[in-house]
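Biologist: Before I rely on any description of this model, I should like each term set against its definition. Shall we begin once the structure is in view?

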Amino acid sequence: MTDSKYFTTTKKGEIFELKAELNSDKKEKKKEAVKKVIASMTVGKDVSALFPDVVNCMQTDNLELKKLVYLYLMNYAKSQPDMAIMAVNTFVKDCEDPNPLIRALAVRTMGCIRVDKITEYLCEPLRKCLKDEDPYVRKTAAVCVAKLHDINAQLVEDQGFLDTLKDLISDSNPMVVANAVAALSEIAESHPNSNLLDLNPQTINKLLTALNECTEWGQIFILDCLANYTPRDDRESQSICERVTPRLSHANSAVVLSAVKVLMKFMEMLPKDLDYYGTLLKKLAPPLVTLLSAEPELQYVALRNINLIVQKRPEILKHEMKVFFVKYNDPIYVKLEKLDIMIRLASQANIAQVLAELKEYATEVDVDFVRKAVRAIGRCAIKVEQSAERCVSTLLDLIQTKVNYVVQEAIVVIKDIFRKYPNKYESVIATLCENLDSLDEPEARAAMIWIVGEYAERIDNADELLESFLEGFHDESTQVQLQLLTAIVKLFLKKPTETQELVQQVLSLATQDSDNPDLRDRGYIYWRLLSTDPVAAKEVVLAEKPLISEETDLIEPTLLEELICHIGTLASVYHKPPSAFVEGSRGVQHKRLPARAGSGESTDSPDVSQSVGGATEAAPTVIPSQGDLLGDLLNLDLAPPAAGPTVPPSMQLGAMDLLGGGLDSLLGGDIGGSPAMGAGLGSTPAVMPTSLGAPPVVGGGLGDLFDLGGSVGMPAGAYVPPKSVWLPAMKAKGLEISGTFARRSGVIQMELSLTNKAMSVMTDFAIQFNRNSFGLAPAGPLQVLTPLSPNQTIEVSLPLSTSGPVMKMEPLNNLQVAVKNNIDVFYFSCQYPISLLFVEDGKMERQVFLATWKDIPNDNEAQFVIKDCHLNSDAASSKLQGSNIFTIAKRTVDNQDMLYQSIKLTNGIWVLTELRVQGGNPSYTLSVKCRASEVSQFVYQCYELVLKN
Amino acid sequence: MIHSLFLINSAGDIFLEKHWKSVISRSVCDYFFEAQEKAGEPDNVPPVIRTPHHYLINIYREKIFFVSVIQTEVPPLFVIEFLHRVAEMFQDYFGESSEAAIKDNVVIVYELLEEMLDNGFPLATESNILKELIKPPTILRSVVNTITGSSNVGETLPTGQLSTIPWRRAGVKYTNNEAYFDVVEEIDAILDKSGTTVFAEIQGVIDACVKLSGMPDLTLSFMNPRLLDDVSFHPCVRFKRWESERVLSFVPPDGNFQLMSYHVSAQNLVAIPVYVKQNISFFETGSSGRLDITVGPKQTMGKTVECVLVTIHMPKVILSANLTPTQGTYTYDPVTKILMWDIGKLNHQKLPNLKGSLSLQSGAAKPEENPSLNIEFKIQQLAISGLKVNRLDMYGEKYKPFKGVKYVTKAGKFQVRT
């Protein structure tokens, strides 16, 4: 007898038949009928029509039948809320049942019925159950609070359930403690700034006691909660570590990984010379190795985390290289991760082993894996200098196999090796050239071209080789075209006599026949360089290149720190900060590793000083200095520069912009004025670049360029308030800062005037923001390139991104800033107009507007009066448009114009407004509707500002 | 926490869905199907898949994808471990975790899933407790239930739920009290062409079958506990006693469970019981090749190596194989390109050998890749690491139990490169 019988019929009167059976007098028949109903439900059939009949079966002392009816209720109550009320009485009665199993079941099920009306009735029984004498009921009730919070957060807070839940952390039963922690953690996730889990040494002690006795799942909740705690000193840290260490031997891998997280975080506080520190390091290796013998899915998650751990503390696994060796039947996702970790662990001691393995992998079947293995050999060469020679010979062996994709991949990595060890392995160039014809992938072709260009003086037929590529120039990918252009220019500079024709050919191909702006621009740059000053051209094009190093693929240190605090989570699997995951308005608190005791950070304003410290450390790694980028641009588009893939995109963008601007204006200044352009080459380029004419000063040019872009991009022009003094010289040892904010073509800028009113020169400026409501953060370093001498004022424009850490400020638009120079660090705060955050694509569809307007509850509507404004509605509309406040519709009723407008903030919040303008009346009425009603006030201020200026 | 679970068969049908919070449309599985298509082989589907609003975490067991949906930040291992537990529970209840078994018992499956999670939080995942709450189906029970009208859902609160030993139920009674322990060791190894060990380690587990009345408190000690420095225990094992005395002290769950697992990686401790001499070569012309494999015993501590099976994933261009084994039988599947040679017992006097020719697709180039050999074997009455149980003592109960320990060594992922 199996349940498959329940699926057999789909004939016409099925529902009718079931109805009859449900109302049967025979218990057994009833139960069978409910089972049939459930079976239909599981496969997605709609049996909601049977609601009243099934609910009628609820009044029973048969536990199985009861459970089945509950299952049904949970599924369908939402679609039949009025009917669901019928069930309430039974629930309330069941919550009083002498059998704790029934009490718990009732409270559990009630929480799963996501109907508002029912939740009201749930409060009383839930309150009782939270204080029930039976721990089984209490632990079920704890979870129920989380369910209720999900449905109606306000209700839970009003009823004081959160406090009861906090009390349960001190419950005598470990299971109850674990569930209370789990429920609180889940609730806290939607309230990032609440102090729900207020951890102090007493609660920590209770959690540690419960940790030993609760179920494996409870242990995970408690460990994850512990990881959020910051111990007071190294002694407390050590004692927690000691009590968590036994969890490393748990059979459940999730428990193990959560324990690893706690230990990795807390050991940061231990002094390194402590014996215990060494012991702990040793204890961490075996459990991590054990994770790798588990099922492949577990292995994958473990490997992603080990990847982080190895970067943070390579010493833990340095002797365990062999466990990362790839087995041929590992799933591909495990293979690729293992390979990555092998390279991270490669050192002089084990390089021979690693290379032998990698060579083995290069003969595997899976093409992706083989490619990555070949690439790995190149990375080893760059990482372990002593092994470079061996790596090169291994790569040459692989090239001899003539397997097409292996050869191409090998050439790509050999190019990197050449960059790292210039003038060392050029003897292999001949071998490489033999394979020229077989290269069909852009990356490999570009790499080969780069090699030919770079070593043009040693390759006799370099011109022939490059010329052969030139034939199909227009069919090549951009990457190859750019590379070819650069390589030929290099060749020309090295052997000018015989290649003049070639260089002319490529320049005209790039500038006249190509519609790719990058290619054209680079063509022009070279052309002009060559024509005005060949010596300078040589200096620029053949400049010494920055060396590439193994660090290119490491995770940036501050991100790594944050990820270490999130070991075992999704963030650790994706190697992205949690803020990149969490949806919508839910903020995330950034976690940092605790500081080691006695590291001597100033304590009076820890928040700001800490973030300033962090920034100055991080700055050089996040944003490559201009010189680097310049070198790289001229050289290659192949290898990523020092900025790894983990740099937030907006930042990278900022850096690129900066460079592009700098270069263009530099060139424009130099060449725009020189009429003898192209003299050396005979022909003048047909098209003139348009963005010329910027002043030739590099430092100022940057800011000016942004200005230029702003005025071109937005004819209406957003209102920019005049600069005001933010930091008086009195308070900052002679440094006066005044400034304002502007939004120009989608870039938020902080415009600063720095004035030196002291007697001595100021240098080494840097800027940092405290966390703020909208995550504003500098998108680049403060560009004060020259020292600021006494009585000099410098204008600086700092592009801002909105991807920084978020914390709600009071008032909302408050921004706390720290500025550092060679003298001291100064703090000030300023307020920015919220219109800064109005984005360009803030125009809503009419339909969406209507629906959203209706959808936002009326409680969120705020009304303001704007007085003394003498614009008519059209003028107002166009003025507002300049600040990205878009008019969706206009309605005129009784000489009164109503403008419906939408605004979108950088964090995706929509603001809808209605502006009423009465002919002849200088007072406007503004209604603002927004889901986040706290911004309304500031939106009103912006209207005032924009309309009156 | 865990939001929903979808069970998907290899044909891509969603045959069961369960939601612990609000209902999530099954269209979310489209992202999974997309990833599945991209991965090709079902084994290669990435375990964590990101979609615009959810994360899909999946495992693949018995030709079924268990796909769970999560919405907030939840430790992925937590979800994967839970999914393993679900698959194990099906196995435990229905004897197999197959689509047919699940469909046949869909109501029990639903009841089980409901008991295992509450609002996405694990509730009862111990087999002992679940079996008290929901009785596993047996033919006899369903007959009795139909006649008497009783149900297969327990009426009482499972005792284990609240005690400090949640894994054991109270009031266990047996007429024959017995405790058996199986020490099972698997050798994972990679050998290179020349037979040198590239990598080797031992994964060991101690499986227990304990059927003892009352609340027995057991102590298991080893002759050579120093071998074990990397261990994972069942929650019942008292870690403190292990730390201080190197004995396993525990109140066991009732029935079958895994007491501990361990891991021996020190290379010099891992003996390799078999060796393989192989030569697979392809001629430059003529679309053919030769294969010659010999398997022999190496460090076997005087025991017989049994159930030897060699599996080779041949390159795609191999059409057929014409071979002669001196012992056992061989098969070559031209579709999956898998050559299997079932040898059986290893004989010291006459080493088994498989020799013959391979034919390639006409005109195909010589294959580039080297096929790896996968070896399976089994050695009874031997734990290759040398681990030995010293004694088992019982406290807390008066009766005298039957005790037994069995050892077996198997090949885990044992690969020979060519």
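Predicted model: local features only at pLDDT ≥ 70, side-chain atom pairs only at ≥ 80, totals over all residues.

Biologist: In which sense do β3(B) and strand β4 of chain B pair, and over how many bridges?

Modeller: β3(B) and β4 (residues 55–61) of chain B pair in the antiparallel sense over three bridges. Two strands count as paired if DSSP finds at least two bridges between them, and strands themselves are DSSP runs of E with at least two residues, as helices are runs of H or I with at least four, both numbered from the N terminus.

Biologist: What makes β2 and β3 of chain B edge strands?

Modeller: The open sheet of chain B has five strands in the order β2-β1-β5-β4-β3, with antiparallel pairing. Its edge strands, β2 (14–19) and β3 (48–50), each pair on one side only.

Biologist: Why is one side of β1 and of β5 in chain A left without a neighbour in the sheet?

Modeller: In chain A, five strands with antiparallel pairing form an open sheet in the order β1-β2-β3-β6-β5. β1 (724–727) and β5 (777–778) of chain A stand at its edges with a single partner strand each, so one side of each has no neighbour in the sheet. Within this sheet, β2 (residues 735–744) and β3 (residues 747–756) of chain A run antiparallel and are joined by 10 bridges; A:Arg743 stands opposite A:Ile748 in β3(A).

Biologist: How do you know that the length of helix α6 of chain A agrees with expectation?

Modeller: The expected span is 1.5 Å times one less than the number of residues. For the 13 residues of α6(A), 100–112, this gives 18 Å, and the end C-alpha atoms are 18 Å apart, which agrees.

Biologist: Why is α6(A) described as largely enclosed?

Modeller: Buried means under 20% relative accessible area, with exposed over 50% and partly exposed in between (1.4 Å probe, protein chains only). In α6(A), 13 of the 13 residues are buried, so the helix is largely enclosed by the rest of the structure.

Biologist: Why does A:Ser873 count as buried?

Modeller: A:Ser873 has 4% relative accessibility and therefore counts as buried. This residue lies in helix α37 of chain A, where A:Ala876, A:Ser877 and A:Leu880 are buried as well.

Biologist: What makes the link between A:Ser873 and A:Asp897 a polar contact?

Modeller: A polar contact is a pair of N or O atoms within 3.5 Å; within protein, one must be able to donate a hydrogen and the other to accept it, and residues adjacent in sequence count only if both atoms are side-chain atoms. The side chains of A:Ser873 and A:Asp897 make such a contact at 2.7 Å.

Methods:
Residues numbered from 1 in each chain as written. Chains lettered and ligands numbered in written order. Heavy atoms only, no water.
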